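Q: Could you walk me through this structure? I would like to start with the sheet and then turn to individual residues.

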Amino acid sequence: MCAAQQCLVLATVISNCLLLISAASSNFPADIPRCRAGDTDCITRTSASLVHQYARTGYPSAGFPIIEPFIVKRFDISDGRTGSLNLKLNFRDVHVEGLSAVKFDRSVGFERDPATSKFEMYGSFPKIALRGKYVADGRILILPIKGDGDADIVLHNPKFSVKFKPALHPRDGKTYLSVDKLKVLVEPNRMSIKLTNLFNGDPALGSNLNEFLNQNWNEVWTELQPSVHVAIAEVVKSILQTLFKRFAYDDLYED
């Protein structure tokens, strides 16, 4: 559930790095290494360096945000299908921790010609923790669920992939991009959940439901991930669009 929230933030940050990793125009600070187009080893290394070095401080002049902790004011999930899980979940003021430990495994594409290049990145995190407020309304099996309290959710060893296809916009002798298609996937190895104040604070019912959610975390994640991935993709798209408006693709690589 909130795993989605975290993933959303993760994926947002990852995609933000996708272009900065090859950071290279004259508008970028001189201390950010530039990669040659298609040098995916350099892109992968520089991505990791940027996150590890600036996750807690940010780098405003390079457009890189503070991501440790990353705070999301609101995130909503609504799953109305008729399966065993039917939940409406609202999360707010969620602190996401663990992003600075990201591991970028590999990049694909990032060639000089964006019309024919692939843009893909793959990696993982040791652990992502999300802590904030939640409101839940729905049911699992025949058990109605209502709650309003604190959420503590951990994604264990989540892997991620970010892929996008750009549209090209020639302007002033340079090529600017916008996001045409975008796909974000996040898959945890395990998810642990703790929700307080379930069933108006009934300790027995609350404990039983938390135990049920943790024992059946994979089923919960399977039910929720379609709507989660759509929500994540929308956030990532908005961030990429901001970056594309600021920097021409031609300026991102070393000559």
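A: The answers below cover a sheet, a disulfide, several single residues and a group of aromatic rings.

Q: Before that, is the model predicted or experimental?
A: The model is predicted.

Q: Which strands form the open sheet, and in what order?
A: Four strands form the open sheet, ordered E3-E4-E7-E8, with antiparallel pairing.

Q: Which strands stand at the edges?
A: Strand E3 (103–109) and strand E8 (174–187) do, and each has a single partner strand, so one side of each is left without a neighbour in the sheet. On average, neighbouring strands in this sheet are turned by 20° against each other, direction ignored.

Q: How many bridges join E7 and E8?
A: E7, residues 159–171, pairs with E8 in the antiparallel sense over 13 bridges. Arg-171 stands opposite Lys-174 of E8.

Q: What about the hairpin of E7 and E8: how many residues lie between the strands?
A: There are two residues between the strands, and Asp-172 in this hairpin takes a positive phi near 55°.

Q: Which helix packs on the sheet?
A: Helix H2, residues 40–54, packs on the sheet and touches E3 as well as strand E4 (119–124). The direction of H2 makes about 140° with that of E3.

Q: Ser-107, buried or exposed?
A: Ser-107 has 8% relative accessibility, so it counts as buried.

Q: Changing topic: how many disulfides does a search of the whole structure find?
A: The search finds one disulfide. Cys-35 and Cys-42 form it, with their sulfur atoms 2.1 Å apart.

Q: Left-handed or right-handed, and why?
A: The torsion about the S-S bond of Cys-35 and Cys-42 is about -75°, so the disulfide is left-handed.

Q: And the two cysteines, buried or exposed?
A: Cys-35 counts as buried because its relative accessibility is 0%. Cys-42 counts as buried too, at 9% relative accessibility.

Q: Now to Asp-137. Where is its place, and what does it touch?
A: Asp-137 is in strand E5, residues 127–140. Setting aside residues up to four places away in sequence, Asp-137 touches Asn-86, Leu-87, Lys-88, Ile-145 and Lys-146. With Lys-146 there is also a polar contact between side chains, at 2.8 Å.

Q: How far is Asp-137 from Leu-89?
A: Asp-137 and Leu-89 are 48 residues apart in sequence, and their C-alpha atoms are 6.7 Å apart in space.

Q: How accessible is Asp-137?
A: Its relative accessibility is 36%, so Asp-137 counts as partly exposed.

Q: And Asn-90: which strand, and which contacts?
A: Asn-90 lies in strand E2, residues 85–97. Asn-90 touches Arg-74, Phe-75, Asp-76, Lys-133, Tyr-134 and Val-135, not counting residues up to four places away in sequence. Asn-90 is partly exposed, with a relative accessible area of 24%.

Q: How far is Asn-90 from Asp-148?
A: Asn-90 and Asp-148 are 58 residues apart in sequence and 9.4 Å apart in space, C-alpha to C-alpha.

Q: Last topic, the aromatics. How many aromatic pairs does the count come to?
A: The count comes to six aromatic pairs. In one of them, the rings of Phe-110 and Phe-119 have centres 5.3 Å apart and planes at 80°, so the pair is edge-to-face. At 0% relative accessibility Phe-110 counts as buried, and Phe-119 counts as buried at 1%.

Q: What about Phe-119 and Phe-164?
A: Phe-119 and Phe-164 form a stacked pair, 4.9 Å centre to centre with 15° between the planes. Phe-119 lies in strand E4 and Phe-164 in strand E7, so the pair ties together parts that are 45 residues apart in sequence. Both Phe-119 and Phe-164 are buried.

Q: Which residues do ring pairs link into a cluster?
A: Ring pairs link Phe-110, Phe-119, Phe-164, Tyr-249 and Tyr-253 into a cluster.

Technical notes
Residues are numbered from 1 along each chain as its sequence is written. This is a predicted model: local features need pLDDT of at least 70, side-chain atom pairs count only at pLDDT 80 or more; totals for chains, interfaces and linings use all residues. Side-chain values use heavy atoms; hydrogens and water are left out. Two strands pair if DSSP finds at least two bridges between them. Axes are lines fitted to C-alpha atoms, for helices over the stretch in contact, and angles run from 0 to 180 degrees between N-to-C directions. Contact means heavy atoms within 4.5 Å. A disulfide is a pair of cysteine sulfur atoms within 2.5 Å. Buried means under 20% relative accessible area, exposed over 50%, partly exposed in between (1.4 Å probe, protein chains only). A polar contact is a pair of N or O atoms within 3.5 Å; within protein, one must be able to donate a hydrogen and the other to accept it, and residues adjacent in sequence count only if both atoms are side-chain atoms. Rings of Phe, Tyr and Trp (its six-membered ring) pair if their centres lie within 6.5 Å; planes under 30 degrees apart count as stacked, over 60 as edge-to-face and the rest as tilted.
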